[in-house]
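Please keep the sequence and the model at hand while reading.

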Protein chains: 2
Amino acid sequence: MFREEIKVLDCTIRDGGLINNYHFTDDLVKATYRAACDSGVDIVELGKKLAESDEYTREKYGRWNFCDDDDLNRVIDAHDSEHRPLIAVMYDVGRADIDALQPREHSPFDMVRTASYVADIDKGLDLCKRSKDQGYLTTINIMACSAVPHADLIEALQQVNETKEVDYLYLVDSYGAFYSEQVTSFLKLYREHAPDKALGFHAHNNQQLAFSNTQQAIIDGVNLLDATINGIGRGAGNCNLELLLNFLKNPKFDVAPIYKAIQEQFVPLREEIEWGFNDIYGISGHLNQHPREAMKFRKDKENMDNCYDFLNKSLKLDG
Amino acid sequence: MFREEIKVLDCTIRDGGLINNYHFTDDLVKATYRAACDSGVDIVELGKKLAESDEYTREKYGRWNFCDDDDLNRVIDAHDSEHRPLIAVMYDVGRADIDALQPREHSPFDMVRTASYVADIDKGLDLCKRSKDQGYLTTINIMACSAVPHADLIEALQQVNETKEVDYLYLVDSYGAFYSEQVTSFLKLYREHAPDKALGFHAHNNQQLAFSNTQQAIIDGVNLLDATINGIGRGAGNCNLELLLNFLKNPKFDVAPIYKAIQEQFVPLREEIEWGFNDIYGISGHLNQHPREAMKFRKDKENMDNCYDFLNKSLKLDG
């Protein structure tokens, strides 16, 4: 598949950090940035931009939950490259200190992505507006759209469409519940009610469909695609960046640096933290549930693979 | 997705046996058969039907490489069930003793599947004819079609079409190389040159696409689908049966017995043998290579995850 407009966003650190509270080594973050540079990825998201507080400390929540300028600059300056991807960070509604946001020209990052539930869409769009006022590229990533009343989602989409400060509207499969037909029908809905917005897609791999659903989004015309190195991400993880670059025939991409980073950094990391498909996440995705129950279940090392027990427990919770 | 005509074939033992030379315990084979009965699966393939010889002994090659009547009957008789799936076995061209095949009414199995390369299609179709003469349902599974000259494949398809003794023609993604667009285009070719044959589909999971490609085959009208419990199978494995049954909305299927078998039999088996996606198989699939190089690479426990090295080695082999 080749389409010149397609852009790839590597959210390895931001989504992967949900597993280990953003306690990545500098080496790993630098290797991820280097891989993004050398592979020709368009945008790399290096973490979240939380407000520090007594509850949310850097020690407990890790450096890449805050993305201070000094930390970002140290990573960026460590690799000299012809190709420099744009740098993104993510805001969570309710945990952002928007007053502290410097103008883009004084900042190491270029894009602010705002993750928002439908219920918080006003607050989410306010963050987009104020980020755009400071010169940033902006996205609004509507979470858990598969578990929201249809009318509420439509209203949120219409609000997004009316907000000129939003550059990209993201379809996010938060629960890993989509089959390709849901990708298509949600995208149709998003286009119908937010026709002025460019679209992005963010998958989860609960049912081994993150990569194929991303392909479906491409087929359906989406031009901004999230993926992570080796599929790292909360629970079942994300679309594997290496598989996606293999699929995209665009000569601007080179997959080899991604495999190099996997071999040198992510294979060793797997000895410390777990991600990727298993049947517990498969059930959770199929039942369109928040992954928190599945993640909790996986913490009991003795019974973590008891998928039959998890199915029965989940069906009882559901009904 | 619901379509009444769709049938599911569980090839857990036959494809899984390629990993461990068919040395499954009776308990595991019985649990697989029981799960097939209780979940409503239509057909269950319990192994290969090789000719025994000095080279191919039961001790070395395992009981389920031979599927003697006594072995099959012991499994079938161990579970009393209202629903009885059809039993299938597989012939490999060149290693089958067709003269020993008893008439279906004297046999515990119902279907003979013949795996054949395009180069051996005459021999493969002869096995189909002689199996049909004895009353069996028959399939021809053309292997490695993604690595065969187009004209040769077309000729083979035309021969299949002219062989009235073939009940099902299988599209097989032997190398795990297909994206959904290849599924669609091969199926179009198969329909064009073998219009009289019902079609089946058999996927491999090298690029995390076994399940989604099986969905694509369904969308494209295929009604006989292969899958295995927990995706067990050579290399990256197959389409996960549990994911497929979740996707198929047909009330005749019940997925719970499959999860039960996974929890009780296949989770423990994973401590002995490995299957499923990793980046080595992903590269192998993307490059449309026979999985033997990838499997060989995975045997070196020290370096088995060195995907960057494998990529470089494979590209050298290719070019």
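This is a predicted model: local features need pLDDT of at least 70, side-chain atom pairs count only at pLDDT 80 or more; totals for chains, interfaces and linings use all residues.

Residues are numbered from 1 along each chain as its sequence is written, while chains are lettered from A and ligands numbered from 1 in the order in which they are written.

**Domains of chain A**

Chain A is assigned domain 1 (7-269) and domain 2 (290-318). Such bounds come from an automatic or database domain assignment. Taken over C-alpha atoms, the centres of domain 1 and domain 2 of chain A are 27 Å apart.

**Strand S8 of chain A**

Helices (H or I, at least four residues) and strands (E, at least two) are DSSP runs, numbered from the N terminus. A residue counts as buried if 20 or more other C-beta atoms lie within 10 Å of its own, exposed if 12 or fewer, and partly exposed in between; the C-beta atoms are placed from the backbone.

Strand S8 (residues 224-227) of chain A is covered on both faces. A:Leu224 and A:Asp226 are buried on one side, A:Leu225 and A:Ala227 on the other.

From S7(A) the chain passes through helix H8 (residues 210-219) of chain A to S8(A), in a right-handed β-α-β crossover. Right-handed here means that, with the strands pointing away from the viewer, the path from the first strand over the helix to the second runs clockwise.

**Positive phi angles**

Most residues other than glycine have a negative phi. A:Gln208 is not a glycine, yet has a positive phi of about 60 degrees. A:Gln208 sits in the loop between S7 and H8 of chain A. It is buried, with 26 other C-beta atoms within 10 Å.

In chain B, B:Cys67 is not a glycine either, and its phi is positive at about 50 degrees. The loop between helix H3 (58-61) and helix H4 (69-77) of chain B holds B:Cys67. B:Cys67 is buried, with 25 other C-beta atoms within 10 Å.

**Helix H11 of chain B**

Helix H11 (residues 279-286) of chain B is mostly covered, with eight of its eight residues buried. Among them are B:Asp279, B:Tyr281 and B:His286. Just after H11(B), B:Asn288 takes a positive phi of about 60 degrees.
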